[in-house]
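Subject: Handing over the two-chain structure

Dear colleague,

I am passing this structure on to you, and below it you will find notes on what turned up when I went through it. Please read them with the structure open beside you.

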Amino acid sequence: MRGRRPSLFWAACVVAGALLVAFVVLPAASMVVGAGVGLLGEALRQGDIRRSLWLTVSAALIATAIAFVVGVPLAYLLARRDFVGKRAIEGIIDLPIVFPHTAAGIALLTVYGREGVVGRLLAPFGISFTETVAGIVLAMLFVSLPFLVDTARETFALVDERYEHVARTLGSSPGGAFLRVTFPQAWRGVLSGAVLMWGRGISEFGAVIILAYNPKVISVLTFERFEGFGLRAAQPPAVLIVIVAFVVFLVARTVLLPRRGRSRKDAS
Amino acid sequence: MIGLHGVEVAAGDFSVGPLDLDVPAGEYAVLLGPSGAGKTLVLEALAGVRRPRAGRLLVDGVDVTRLPAERRRVGLVFQDGLLFPHLSVAENVAYGLHRSNGERTGWRRRPAADRLGQLAGEVGITRLMDRRPATLSGGERQRVALARALAARPRALLLDEPLSAVDVEAREGLQDLLRRLNVDEGLTVLHVTHDLGEAFAVGGLFVVLAAGRLQQVGAPLDVLRRPASVEVARFAGARNVFEARLVPGDSNRLALAAGGTLRISGPVPADVRHAVVRADEITVLPADHAPVGEGDSCLTGRVRRVVCAGATSVVEVDVPPLFRAAITARELETLHIGPGSTVGLRVPAAAVHLV
């Protein structure tokens with residue numbers, strides 16, 4: 001049996017990992033400590049922060065729900081079928097990741113703004129994407145969609161297609177096989193993608209501020225307070241959204257992680 | 001019955017066919033061939049999960065070529081069982097049950113529950129019904145997969161290497177079960193394998209596929225003793241395949257391309273190109289052996305090596321050409337042979353098969 005002597009390689013991995021974790025944790029912790037519990041309580045009592053927090057969380061949730069409805073079928077299609085233009089579609093879906101977000105906002109404005117093709121079409125029906133919640137949802141959807149589609153696609157690809165073949169021979173339609181066999185095996189990955197997308201959505205600033213400065217999402221409110229009143233005034237809303245995001249991620253991870261543990265045990 | 005008429009199936013650059021095959025109703029056919037022969041493609045086309053490029057597929061007399069998989073009523077069992085991991089054993093079996101004959105009741109309800117119990121008893125999984133697939137052994141998984149396939153009342157059962165991930169003891173039990181299902185239920189079975197031993201244990205009809213082409217269809221012993229091609233001979237375990245031609249003016253003797261001759265008997269095809277002799281048909285004799293039967297070949301050569309494989313060993317003898325003969329452990333001890341020994345070989349004329 002091999003000894004368990006720590007090697008220089010693993011020590012280097014630990015040091016590198018610790019540096020990276022500290023790089024992420026320090027600013028967040030410093031912000032929370034800087035704001036103080038009292039200040040956070042006071043911030044929660046302020047109507048504009050509460051409204052902004054709720055708007056941010058719910059708009060990101062709506063964007064995620066829309067992406068779930070249209071993105072999961074696309075992810076499944078990309079995972080299961082080969083067709084002409086598949087690579088191009090994958091590239092298009094990933095485009096928002098590399099777009100500067102202010103540029104994404106401008107691009108959305110040219111299509112969905114008052115003078116945009118879609119904006120003009122929908123205006124008679126009272127639907128507007130500028131300075132509205134719909135605009136915020138649109139901006140969040142655009143920039144965060146790849147996180148859900150890519151994660152779901154990878155997860156579906158990991159489910160052996162032959163499960164669906166068996167389900168089909170047992171009488172299931174292609175849709176039935178997906179719903180009863182594939183999705184139940186892939187839901188954790190899809191949920192993981194949805195949480196990532198939601199997290200990306202609540203942090204969006206660049207695209208949102210171009211389409212809808214008002215009503216203010218938390219990132220816009222934080223920016224406005226920083227510009228108008230300085231760092232101390234900007235800290236409470238920033239800390240609140242970080243805490244909300246952290247709690248949601250923690251809950252999602254505790255739901256997702258047991259599966260990973262089981263996988264390791266199965267593999268042994 | 002299962003019928004393939006002019007069927008061609010493709011996957012990327014690889015294609016199988018055109019294939020013409022009729023497996024009679026109630027037959028247990030084994031689709032044999034080396035890895036990469038295209039066996040699984042044929043199975044997938046029959047199951048309806050891969051569209052054939054050409055041809056017609058028949059199951060139980062029904063043309064299923066254009067039917068979707070869910071309406072073909074063929075059971076499909078893969079090598080690893082592929083039980084749905086998020087469902088219990090009972091729920092896995094009930095999956096097929098719900099959709100057979102319009103039964104759409106939950107598995108706990110009658111008559112679905114009765115059928116479930118009957119199936120569980122039939123394949124020996126009654127005690128496993130509440131277990132999760134991850135906790136089952138390979139053999140148990142295959143039994144559950146079989147029960148699940150049978151629950152949908154298939155007209156034919158397609159098995160893709162169903163025993164290759166199962167230990168020896170469980171394999172024998174499953175072989176018995178498969179044969180019983182075939183005989184008792186009259187179920188037509190097409191069983192894909194590359195394992196000749198497994199094929200002999202279950203098969204009533206051998207279908208040999210190599211390099212995308214159907215090489216031979218026949219009874220197991222026919223394929224073993226009278227292979228239709230060099231590919232089939234090699235796949236069927238013939239260890240001595242020699243290029244050969246008939247000796248001019250002697251219809252009972254073949255000249256081997258690598259040197260030497262072999263006596264033959266029976267009718268000789270005009271275009272004979274190869275002589276095939278199974279290793280177990282050759283007898284190894286001491287160097288000073290007595291004369292052998294008149295019609296047989298008697299050769300002398302030097303042992304190159306002896307490959308021991310448990311109860312039997314293969315002796316490689318340089319005559320030339322290099323012959324391989326199978327002998328028992330007892331014979332090996334009696335003959336006292338080893339590398340460098342001189343031995344005699346008796347090759348019965350009737351054992352030389354020409355292709």
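B:His336 sits in the loop between α9 (329-335) and β19 (342-347) of chain B, and its phi is near 55°, a positive value in a residue other than glycine.

Please bear in mind that this is a predicted model, with an ipTM of 0.81 and a pTM of 0.81. Chain B averages a pLDDT of 86, and 94% of its residues score at least 70. Over residues 101-108 of chain B, however, pLDDT stays under 50, and the model has 15 contacts beyond four places in sequence for that stretch. Where pLDDT is low, the predicted coordinates should not be read in detail.

As for chain B in general, it holds 9 helices and 20 strands, and its C-alpha atoms fill a box of roughly 75 × 45 × 35 Å along the principal axes. Of its 355 residues, 42% are buried, and among contacts with a separation of 6 or more, 65% are between residues 24 or more positions apart.

Strand β4 (residues 54-59) of chain B runs antiparallel to β5(B) and is joined to it by 2 bridges, with B:Leu58 standing opposite B:Asp63 in β5(B). In the loop between β4 and β5 of chain B lies B:Asp60, which has a positive phi of about 55° although it is not a glycine. B:Asp60 counts as partly exposed, because it has 16 C-beta neighbours inside 10 Å.

Elsewhere in chain B, B:Gly204 lies in the loop between α6 (196-202) and β9 (205-210), and, leaving aside residues up to four places away in sequence, it touches B:Glu27 and B:Tyr28. B:Gly204 is partly exposed, because 17 other C-beta atoms lie within 10 Å.

Two cis peptide bonds also deserve a look. The bond that joins B:Val319 and B:Pro320 is cis, with omega about -10°, and B:Pro320 lies in the loop between β17 (312-318) and β18 (322-328) of chain B. In chain A, a cis bond joins A:Asn214 and A:Pro215, again with omega about -10°, and A:Pro215 lies in the loop between α10 (206-211) and α11 (218-229) of chain A.

Also in chain A, the axes of helix α3 (residues 47-80) and helix α7 (residues 133-158) come within 6 Å and cross at roughly 40°, in a right-handed crossing. The residues of that contact divide into 25 nonpolar, 3 polar and 2 charged.

Finally, where the chains meet, 20 residues of chain B are in contact with 15 residues of chain A. On the chain B side, the elements that give two or more residues are β6 (74-77) and α2 (89-98), and the largest share, 3 residues, comes from β6(B). That side divides into 12 nonpolar, 5 polar and 3 charged residues.

With best wishes

Note on methods:
Residues are numbered from 1 along each chain as its sequence is written. Chains are lettered from A and ligands numbered from 1 in the order in which they are written. This is a predicted model: local features need pLDDT of at least 70, side-chain atom pairs count only at pLDDT 80 or more; totals for chains, interfaces and linings use all residues. Two strands pair if DSSP finds at least two bridges between them. Helices (H or I, at least four residues) and strands (E, at least two) are DSSP runs, numbered from the N terminus. A residue is buried if 20 or more other C-beta atoms lie within 10 Å of its own, exposed if 12 or fewer, and partly exposed in between; C-beta atoms are placed from the backbone. Two residues are in contact if their C-beta atoms, placed from the backbone, lie within 7 Å. Ala, Val, Leu, Ile, Met, Phe, Trp, Tyr, Cys and Pro count as nonpolar, Asp, Glu, Lys and Arg as charged, and the others, Gly among them, as polar. Axes are lines fitted to C-alpha atoms, for helices over the stretch in contact, and angles run from 0 to 180 degrees between N-to-C directions. A crossing is left-handed if the near helix is turned anticlockwise from the far one by less than a right angle, and right-handed if clockwise. pLDDT is the predictor's confidence in each residue, from 0 to 100.
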